[in-house]
Amino acid sequence: VQLVESGGGLVQAGGSLRLSCVVSVSASGNIFRLDTMAWYRQAPGKQRELVASITDVGSTKYLDSVKGRFTISRGNAKNTVYLQMNSLVPEDTAVYYCNNKGGSYYLPGGTPVVYGTEYWGKGTLVTVSS
């Protein structure tokens, strides 16, 4: 299972960015279900922290400092998750990581595979200038 983030960049305070995370499976498998998906971030010199999460039925949780500004959502495609970030502030500057906490997929030929392993993307840098 591979997670690839995109959408990071440099933005002025007050601006917006939309991060995307696409989940794929090696061996030409097809994602059937993704369990809880989450976005974490890690600022320089700080520990990684949970920013937002969404369960397979759409329940969401947010870090207090981003409530009302960030929105996590699942795309129409089963393998995509987004993080819409509005009213960005310099304190939001960090590398943002996509996280998957399990799911299932089908291998070519129809063999189902259920996994509980946690996977991470390599991260995308968000820089908010003042």
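Author: Strands here are DSSP runs of at least two residues, numbered from the N terminus. The model is predicted. As a case, Ser-104 lies in strand E11, which covers residues 103-106.

Reader: Is Ser-104 buried or exposed?

Author: The general idea is that a residue counts as buried when its relative accessible area is under 20%. Ser-104 has a relative accessible area of 5%, so Ser-104 is buried.

Reader: Which residues does Ser-104 touch, not counting residues up to four places away in sequence?

Author: The contacts of Ser-104 under that condition are Ile-31, Phe-32, Arg-33, Val-113, Val-114 and Tyr-115.

Reader: How many disulfides does a search of the whole structure find?

Author: A disulfide is read from the distance between two cysteine sulfur atoms, which must be within 2.5 Å. The search finds 1 disulfide. Cys-21 and Cys-98 form this link, with sulfur atoms 2.1 Å apart. The pair joins distant parts of the chain, 77 residues apart: Cys-21 belongs to strand E3 (residues 17-24) and Cys-98 to strand E10 (residues 94-100). Both Cys-21 and Cys-98 are buried.

Reader: What is the handedness of the link of Cys-21 and Cys-98?

Author: The link is left-handed, with -85° about the S-S bond.

Reader: In what order do the 4 strands of the open sheet stand?

Author: The order is E1-E3-E9-E8, and the pairing is antiparallel. Strands E1 (2-6) and E8 (70-74) are at the edges, each with a single partner strand, so one side of each has no neighbour in the sheet. From one strand to the next, the twist averages 15°.

Reader: How many bridges join E3 to strand E9?

Author: There are 6 bridges between E3 and E9 (residues 80-85), which run antiparallel. Among them, Val-22 has Thr-80 in E9 as its bridge partner.

Technical notes. Residues are numbered from 1 along each chain as its sequence is written. This is a predicted model: local features need pLDDT of at least 70, side-chain atom pairs count only at pLDDT 80 or more; totals for chains, interfaces and linings use all residues. Side-chain values use heavy atoms; hydrogens and water are left out. Buried means under 20% relative accessible area, exposed over 50%, partly exposed in between (1.4 Å probe, protein chains only). Contact means heavy atoms within 4.5 Å. Two strands pair if DSSP finds at least two bridges between them. Axes are lines fitted to C-alpha atoms, for helices over the stretch in contact, and angles run from 0 to 180 degrees between N-to-C directions.
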